[in-house]
Amino acid sequence: MNKSELAKAIADKAGITKAQASDAIDAFADAIVGAAKSDDSVQLAGFGTFHAKHREAREVRNPRTGEKMMSKAKTQLAFRPASALKDI
């Protein structure tokens with residue numbers, strides 16, 4: 001399912017226009033990204049938690065050449081599903 005299909009499904013279920021549903025999806029994504037950037041988490045009961053996860057720099061290997069190099073440290077968005085979603 002892509003964003004437009006999700007917006008259509010939300011619009012049909014909530015009785016709003018597809019444009020309003022798309023705006024709601026954008027606002028939801030912006031809120032999650034903003035919380036992650038400020039090192040906060042977003043917890044949705046029964047669904048899961050979005051949080052920022054820091055990865056340290058580490059040694060990696062180029063599979064094509066076998067050359068060893070260092071990857072950069074980075075922070076990425078992670079999702080931890082609620083226990084109700086673990087067995088779908």
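Is T49 buried or exposed? T49 counts as buried, because its relative accessibility is 15%, under the 20% cut-off. The model discussed here is predicted.

## T49 and its strand

T49 sits in strand β2. Leaving out residues up to four places away in sequence, T49 touches two runs of residues. One is S41, V42 and Q43; the other is A78, F79 and R80. Strand β2 covers residues 48-55.

## The open sheet

Three strands make up an open sheet. Their order is β1-β2-β5, and the pairing is antiparallel. The edges are β1 (42-44) and β5 (74-81), each of which pairs on one side only. Neighbouring strands of this sheet are turned against each other by 30 degrees on average, with direction ignored.

How many bridges join β1 to β2? Three bridges do, and the two strands run antiparallel. L44 stands opposite G48 in β2.

## The hairpin turn

β1 and β2 form a hairpin, with three residues between the strands. G46 lies in this turn and has a positive phi of about 80 degrees. G46 belongs to the loop between β1 and β2. Is G46 buried or exposed? G46 counts as exposed, because its relative accessibility is 53% and the exposed class begins over 50%.

G46 still has contacts. Setting aside neighbours within four places in sequence, G46 is in contact with A82, A84 and L85. R58 is another matter: it is 12 residues from G46 along the chain, and the two C-alpha atoms are separated by 35 Å.

D39 has a phi near 60 degrees. The value is positive, and the residue is not a glycine. D39 is found in the loop between α2 and β1. D39 is exposed, because its relative accessible area of 64% is over 50%.

## M69 in strand β4

M69 has its place in strand β4, residues 68-70. What does M69 touch beyond residues up to four places away in sequence? The contacts are R58, E59, V60 and N62. M69 and E59 are 10 residues apart along the chain, yet their C-alpha atoms are separated by 5.7 Å.

The relative accessible area of M69 is 36%, so this residue is partly exposed. That value falls between the 20% and 50% limits.

## Salt bridges

How many salt bridges are counted? The count comes to two. Side chains of opposite charge can pair when their charged atoms come close.

K3 forms a salt bridge with D26, and the closest N and O atoms are 2.5 Å apart. This pair links distant parts of the chain: K3 is in helix α1, D26 is in helix α2, and 23 residues lie from one to the other in numbering. K3 is partly exposed, with a relative accessible area of 39%. D26 also counts as partly exposed, at 32% relative accessibility.

The side chains of D12 and K8 meet in the other salt bridge, at 3.1 Å from N to O. Both D12 and K8 lie in helix α1. They are four residues apart, about one turn of the helix. D12 is exposed, with a relative accessible area of 55%. K8 counts as partly exposed, at 46% relative accessibility.

## A nonpolar surface patch

Which residues form a nonpolar patch on the surface? The patch consists of M1, L6, I10 and I16. Together they have about 360 Å² of accessible area.

I16 is found in the loop between α1 (3-14) and α2 (18-37). Its relative accessible area is 33%, so I16 is partly exposed.

Key. Residues numbered from 1 in each chain as written. Predicted model: local features only at pLDDT ≥ 70, side-chain atom pairs only at ≥ 80, totals over all residues. Heavy atoms only, no water. Pairing = 2+ DSSP bridges. Axes fitted to C-alpha atoms, helices over the stretch in contact; angles between N-to-C directions. Buried < 20%, exposed > 50% of the residue type's maximum accessible area, 1.4 Å probe, protein only. Contact = heavy atoms within 4.5 Å. Patch = residues over 30% accessible without salt bridge, like charges linked within 9 Å, V, L, I, M, F, W, Y side chains within 5 Å. Areas by Shrake-Rupley, 256 points an atom, 1.4 Å probe, with all protein chains shown as cover. Salt bridge = Lys/Arg side-chain N within 4 Å of Asp/Glu carboxyl O.
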